[in-house]
Amino acid sequence: MSNNNASGNLVVAQKAVKQLRLEASVRRMKVSQAATELKNFCLQNASKDPLLMGVPSSDNPFRPPKSCSIF
Amino acid sequence: MACQGLEQGETVATLKKETEALKTKLETERAKLQDVELNTLAEKIEPVGQLNIKTRRILKGHGNKVLCVDWCTDKRRMVSSSQDGKVIVWDAYTTNKEHAVTMPCTWVMACAYAPSGCAIAAGGLDNKLSVYPLSLDKNENLASKRKPVAMHTNYVSHCTFTLSDMQVLTSSGDGTCALWDVESAQLLQSFHSHTADVLSLDMGPAETSNTFVSGGCDMKAKLWDMRSGQNVQSFETHQSDVNCVKFYPSGDAFATGSDDATCRFYDLRADREVAVFSKDSVIFGANSVDFSQSGRLLFAGYNDYTVNVWDVLKGTRLNILYGHENRISSLRMAPDGTSFCTASWDNTLRVWA
């Protein structure tokens, strides 16, 4: 394919332009609003986050219980 | 010579100029939205209290570097894969090994647990992804039930099942990601845009489950539409390979870990980076990251054998967790958020809670 290099470069360049046009047309939100929503999600779910809040040993299957029950 | 749809006067040179102009336009558009920093907004929030996270289990059994780990939806089982080709399914509560299989290749870099808990997938240097059905039979010969599903032209770096056991997503050193039907081993969609090896991918949480994000050696993180195969958004602020990408629990943002020793946080709707997690004292690459259930904490495993715990909102480091004796290759939060697991080149896995 002797002409491949020339048309290959062209195809690559066309693809790059097409992709960038697509990315440029994305609708964007202001960081203040986006960040506020991220922050709110965190705070709303914070109480349900076991690693953040810590769970009592009895509830966490990975923490060794204080006493062993023998049956 | 076939020149596809050339408009009048279009040449490589004019296209290159347009490329540069578009890139500049993208940067200015994104910069316009930077009206406040995330950590400024977070100043008034109460700081995170004292975290009491320690190693609670050490899983020993792999004979070589552990490269990947994934949890089962039952929150207690995990699958891990290793450099020596072994894939092991563990019960993390008891540290017992439930299944083990040897892959026909070394460096099994990717492994995943199916949502039903009835199968696992693994792949690596064989350029394939294989699915193994799991049974309760203690005398099973797992290796004989191997089903090759995906085929790439270079190593498989990461994989995940989609919402069901029926489809898997893979990322590969050949620079592409691909979606496969497990039953027929057919390629359903391929994703081309990265210009170098793709090292990691993560699917959006259920609400955004037709998108996924990928990161690669071209220093970019990309968001994809699974149905069209289109690369919807691209993020290029890292200065070295992006080793890991993980969605924020709400699905509106994602974090990355990179060889440039930083982790970064990108918001999808603002289409830009909104936080950088770095410190002058942190000089080793971050290999794997995951969020706590509320998204407030980001756990990152590094090449200096430690896990750093970052406050996502304030951008500060809260804790350093020591324990592993070699670099951390993979870090995954349990499905219920009560613990997370790290896989390391020291041949062990640790469960932290």
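**Entry 1: ground rules**

I noted that residues are numbered from 1 along each chain as its sequence is written, while chains are lettered from A and ligands numbered from 1 in the order in which they are written. As this is a predicted model, local features need pLDDT of at least 70 and side-chain atom pairs count only at pLDDT 80 or more, whereas totals for chains, interfaces and linings use all residues; side-chain values use heavy atoms, with hydrogens and water left out.

**Entry 2: chain B as a whole**

I began with the elements of chain B and found 2 helices and 28 strands. Helices (H or I, at least four residues) and strands (E, at least two) are DSSP runs, numbered from the N terminus. Next I looked up the radius of gyration, which is 21 Å, close to the 20 Å that the globule rule gives for 353 residues, so chain B is as compact as a globular protein of that length. That radius is taken over C-alpha atoms, and the globule rule is 2.2 Å times the number of residues to the power 0.38. The C-alpha trace of chain B spans about 70 × 60 × 35 Å along its principal axes.

I also checked burial: 57% of the 353 residues of chain B count as buried. Here buried means under 20% relative accessible area, exposed over 50%, and partly exposed in between (1.4 Å probe, protein chains only).

**Entry 3: where chain B touches chain A**

How many residues of chain B are in contact with chain A? I found 66 of them, facing 42 residues of chain A, with contact meaning heavy atoms within 4.5 Å. The area buried between the two chains is about 4,700 Å², and carbon and sulfur atoms give 68% of it. In chain B, Leu33(B), Arg269(B) and Ser294(B) lose the most area to chain A, together 13% of what that side buries. Buried area is the accessible area (1.4 Å probe) that two parts lose on being put together, summed over both.

I then counted 12 residue pairs in polar contact between the chains, both residues at pLDDT 80 or more. A polar contact is a pair of N or O atoms within 3.5 Å; within protein, one must be able to donate a hydrogen and the other to accept it, and residues adjacent in sequence count only if both atoms are side-chain atoms.

Which element gives the most to this side of chain B? I found that α1(B) does, with 9 residues.

**Entry 4: salt bridges between the chains**

Side chains of opposite charge can pair when their charged atoms come close. A salt bridge is a side-chain nitrogen of Lys or Arg within 4 Å of a carboxyl oxygen of Asp or Glu.

Asp271(B) and Arg28(A) meet in one at 2.6 Å, N to O. The pair runs from the loop between β20 and β21 of chain B to the loop between α1 (4-24) and α2 (31-45) of chain A. Are these two residues buried or exposed? Both Asp271(B) and Arg28(A) are buried. I also saw that Arg28(A), Arg30(B) and Asp271(B) are linked in a network of salt bridges. Glu37(A) and Arg269(B) form another bridge, at 2.5 Å, N to O.

**Entry 5: around the β2–β3 loop**

Inside chain B, I found Asp91(B) paired with Arg76(B) in a salt bridge, with the closest N and O atoms 2.7 Å apart. Asp91(B) lies in strand β4 and Arg76(B) in the loop between β2 and β3, so the pair ties together parts that are 15 residues apart in sequence. Asp91(B) counts as buried at 5% relative accessibility, whereas Arg76(B) is partly exposed at 27%.

In the loop between β2 (66-71) and β3 (77-82) I also looked up Lys75(B). Its phi is near 65°, a positive value in a residue other than glycine.

**Entry 6: two strand residues**

Ser200(B) sits in strand β14, residues 198-203, and counts as buried at 1% relative accessibility. A polar atom of its side chain lies 3.3 Å from the backbone nitrogen of Val245(B).

Ala100(B), in strand β5 (residues 96-102), counts as exposed at 52% relative accessibility. Leaving aside neighbours within four places in sequence, Ala100(B) is in contact with Val87(B), Ile88(B) and Leu142(B).
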